[in-house]
Amino acid sequence: MDDEAVLAALGYKQELRRDWGLAHNFGISFSIISVITGITTLFSYGLNTGGPGVMSVGWIVVSIFTMFVALGMAEIVSAIPTAGGPYYWAAILAPPKGSAFASWVTGWFNLLGQVAVTTGISFGCAGLISTTATVKSSYEPTAAKTIGIYAAVLISHGVVNTFGVHVLKYLNNVSIALHSAGVTAIAIAVLAKAPTHQSAKFVFATFYDGTGDPGWSVRASPAYVACCGALMSQYTLTGFDASAHLSEETRNASWSAPIGVISSVGFSAIFGFFVILSFLFSIQDFDATLGSDYGQPVLQIFVDVFGTDGAVVVMSLVMICVWHCGLFSMTSNSRMMFAFARDGGIPNFFHKVDSRFRSPIRTVWLAAFLSFCLALPSLGSSVAFAAATSIATIGLYISYGIPILIGLIYHRSFTSMKGPFNLGLLSRPVAFVAVAWIGFITIIFCLPTANPVTSKSLNYTVVAVGIIAIFSLSAWVLWARKWFVGPIREIEEAGRLGVDLLEPGALERAEMEAKEMGEKVVAEK
């Protein structure tokens, strides 16, 4: 079957422009993973929470377990290639009685993760801009100024996603080049230009606890600090569900989307490890880098290696990469919200594709607004950025894990619907490892990482994740279970109403007329 037929079999009409190929699908996830973004923005966190040894070895461990998650996800997206991604998979894989509930909970966790990852990326970009501005000027960054820059970054992403949908795939090509050739060039240049290099023992075996006085290695254990330090690696390797969310815009999606998921994680793991090693080996003075006047250790490494002028140039290239990462994060975010609105998870007002630009404009700006709100705690919290990255990581991975777990439990029904990408006998073992890992990081990343724990150093990840969990469960019990039926099959609905899905807006008009007729009948009674 062609892509439109596959989508129709899943119950949907083709609304989004389908002109992305495998390279573009891979590129969107590769750009959102953006190893240079996660590593640069959380490098300080990594140095303080475990140090070089945890950063280097932790990257290898996290990459291996993330690949298990990617393989489990790839098998599912091959069978069910829709823009809804995880929440739709959960609905299809779950038994009929639990289908709507599984879809509802998964959708809200995925929405939380999508918003938080956009926040983490774009707020990180604003932080890099603010910090780099101090190198050659008297500019003094403040939380309020950074929020202002962050708002401007979000607006720029919203504008491109609103009016420039037709250029997104070309910007995607630019992003792939920047994140591959550009990042490689930076890593090689840093290693080649560094006056001295650290030893392998420093890079792979140095443990450092900068979580407080005393640190958590004393209050708890070094293993506790090492586990918390894995956040840098795990946060970086998130967002690869973008290949699924863009599947309705990808040709041969049943094959291209799963390959996009796996290859983006694989290549990112390799590139990321090279970048981490190049930065760690090139540290000139560990204490000076850790306590840099710039407040950004990667910038300090660049200054030590290239001088101030060179550091600004290289950091500008990094910021361009991060900006592209944030752009495509919002693209993926808006597609997920569009699909969730289409199926009734959020108000139907957001299920709207602009006829001229073929873009879900309302969800683009909803994504921008929610992302801005999630960063506001940074005005009064010293750990807000780390918390946002934890929220993104946990929210996304829980939404990845629920459909994988359902497929593991109800494997017979899942096996009958598998697509061209099939793990065969390895399917269940891979799913088990993936779910176990997700359960582990969900607990670890909610734990405090600063000592003592105060109102300013509290890791509010557990609060945000808890709010979504309580909201989704209580909303389901109180009212959502009465009307939310899970993914709506548009093809069947169109047949019931007798409309042509090929006519733009026909289904929406028919649904509106039916609703008005029903209200009129009720009023007459």
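A residue counts as buried when its relative accessible area is under 20%, as exposed when that value is over 50%, and as partly exposed in between. Keep in mind that you're looking at a predicted model.

**A glycine in helix 8**

- Gly158 sits in helix 8, which covers residues 143–163.
- With a relative accessible area of 0%, Gly158 is buried, because anything under 20% counts that way.
- Setting aside the neighbours within four places in sequence, Gly158 touches Met330, Val364 and Trp365.
- Phe369 is 211 residues away from Gly158 along the chain, yet their C-alpha atoms are separated by 9.8 Å.

**Helix 9 against helix 15**

- Helix 9 (residues 165–193) packs with helix 15 (residues 253–281) at an angle of about 25°, and their axes are 8 Å apart.
- That angle makes the two helices roughly parallel, since the label applies to angles under 35 degrees.
- The crossing of helix 9 and helix 15 is left-handed.
- On the helix 9 side, the residues that meet helix 15 include His179, Ser180, Val183 and Thr184, while the helix 15 side includes Phe271, Phe274, Val275 and Ser278.
- Sort the residues of this contact by type and you get 10 nonpolar, four polar and no charged.

**Aromatic rings**

- Searching the whole structure turns up 29 aromatic pairs.
- One of them is Phe65 with Phe68, a tilted pair at 6.4 Å centre to centre with 35° between the planes.
- Phe65 and Phe68 are about one helical turn from each other, because they are three residues apart in helix 5 (residues 51–79).
- Both count as partly exposed: Phe65 has 27% relative accessibility, and Phe68 has a relative accessible area of 26%.
- Phe349 and Phe350 make an edge-to-face pair, with centres 5.2 Å apart and 85° between the planes.
- Within that pair, Phe349 is partly exposed at 48% relative accessible area, whereas Phe350 is buried at 17%.
- Which residues do ring pairs link into a cluster? They are Tyr87, Phe101, Trp104, Trp108, Phe340, Phe471, Trp476, Trp483 and Phe484.

Methods: Residues numbered from 1 in each chain as written. Predicted model: local features only at pLDDT ≥ 70, side-chain atom pairs only at ≥ 80, totals over all residues. Heavy atoms only, no water. Axes fitted to C-alpha atoms, helices over the stretch in contact; angles between N-to-C directions. Helix = DSSP H or I, 4+ residues; strand = E, 2+ residues; numbered from the N terminus. Parallel < 35°, antiparallel > 145°, perpendicular 65-115°, else oblique. Left-handed = near helix turned anticlockwise from the far one by under 90°. Contact = heavy atoms within 4.5 Å. Nonpolar A, V, L, I, M, F, W, Y, C, P; charged D, E, K, R; others polar. Phe/Tyr/Trp six-rings, centres within 6.5 Å; stacked < 30°, edge-to-face > 60°. Buried < 20%, exposed > 50% of the residue type's maximum accessible area, 1.4 Å probe, protein only.
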